Amino acid sequence: MQAANLPFIPGVMTPGEVMQRREQGFSLMKLFPAQQAGGLGMLKALGAPIPDVAFCPTGGVSPENLKDFLSLTNVAMAGGSWLTPAHALASGDWKKITQLAREASAVANG
C-alpha cells in the first residue's frame with residue numbers, strides 16, 4: 001500500500017503490531033476488534049508510551065460507548081457496523097442510514 005501511495009489505515013490488535021506499524025511510518029491505525037483487544041483500557045494504556053499514534057477503533061464500538069471512545073486523546077475517529085445495518089442496506093433504506101450517521105455525528109461533535 002505504501003508503494004502504491006494509496007490512503008491506508010493498517011489494522012492492529014496488539015501493542016507489538018502497533019510498534020511494527022509505527023516503525024513502518026504509520027501514525028494512524030485501526031484497532032480491531034477494539035473491544036476484544038482491550039477496548040478503552042487498551043487505548044488508554046497505549047496512549048502514554050506511544051503518544052504519537054492515533055487510532056480508529058472498530059469492533060464493539062456502539063452508539064452507547066461511542067462518546068467514551070471519542071473522548072480519548074489518541075482516538076481520531078471510530079467506526080461500527082451499527083451505522084449501516086444489513087437490513088437497511090438490503091432494503092436501500094438510506095433515510096435510516098442517514099439518520100444513524102447524523103446521530104453518530106452529533107455524539108462526535110457534542
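Strands S1 and S2 of this predicted model run in the parallel sense and pair over 2 bridges, where two strands count as paired if DSSP finds at least two bridges between them. Within that pairing, Gly11 stands opposite Lys30 in S2. Residues are numbered from 1 along each chain as its sequence is written. Because the model is predicted, local features need pLDDT of at least 70 and side-chain atom pairs count only at pLDDT 80 or more, while totals for chains, interfaces and linings use all residues; side-chain values use heavy atoms, with hydrogens and water left out.

**The sheet**

S2 also pairs with S3 in the parallel sense, over 4 bridges, and here Met29 stands opposite Phe55 in S3. Taken together, 3 strands form an open sheet in the order S1-S2-S3, with parallel pairing. S1 and strand S3 (54–57) stand at the edges with a single partner strand each, so one side of each is left without a neighbour in the sheet. In general, strands of a sheet pair through backbone hydrogen bonds, either parallel or antiparallel.

| Strand pair | Sense | Bridges |
|---|---|---|
| S1 and S2 | parallel | 2 bridges |
| S2 and S3 | parallel | 4 bridges |

The chain as a whole has 5 helices and 3 strands, which are DSSP runs numbered from the N terminus (helices H or I, at least four residues; strands E, at least two). Read from the N terminus on, the elements follow the order β-α-β-α-β-α-α-α.

**From the sheet to the core**

Buried here means under 20% relative accessible area, exposed means over 50%, and partly exposed lies in between (1.4 Å probe, protein chains only). Buried residues make up 33% of the 110 residues in the chain.

The largest nonpolar core has 20 residues, among which Val18, Met29, Leu31, Leu43 and Phe55 touch the most other members. Strand S2 (28–31), helix H2 (39–47) and helix H3 (66–70) each supply at least two residues of this core, and the largest share, 3 residues, comes from H2. Such a core is a set of buried Ala, Val, Leu, Ile, Met, Phe, Trp, Tyr and Cys residues joined through side-chain atoms within 4.5 Å. Leaving aside residues up to four places away in sequence, Leu43 touches Leu31, Phe55, Pro57, Phe69, Leu72, Asn74 and Val75, a contact being heavy atoms within 4.5 Å. Among contacts in the chain between residues at least 6 apart in sequence, 44% join residues at least 24 apart.

**A charged pair**

The model contains 1 salt bridge, defined as a side-chain nitrogen of Lys or Arg within 4 Å of a carboxyl oxygen of Asp or Glu. Asp52 forms a salt bridge with Arg22, and their closest N and O atoms are 3.1 Å apart. Asp52 lies in the loop between H2 and S3 and Arg22 in helix H1 (residues 15–23), so the pair ties together parts that are 30 residues apart in sequence. Asp52 counts as partly exposed because its relative accessibility is 42%, and Arg22 also counts as partly exposed, at 31% relative accessibility.

**Overall extent**

The C-alpha atoms of the chain fill a box of roughly 45 × 35 × 25 Å, taken along the principal axes.
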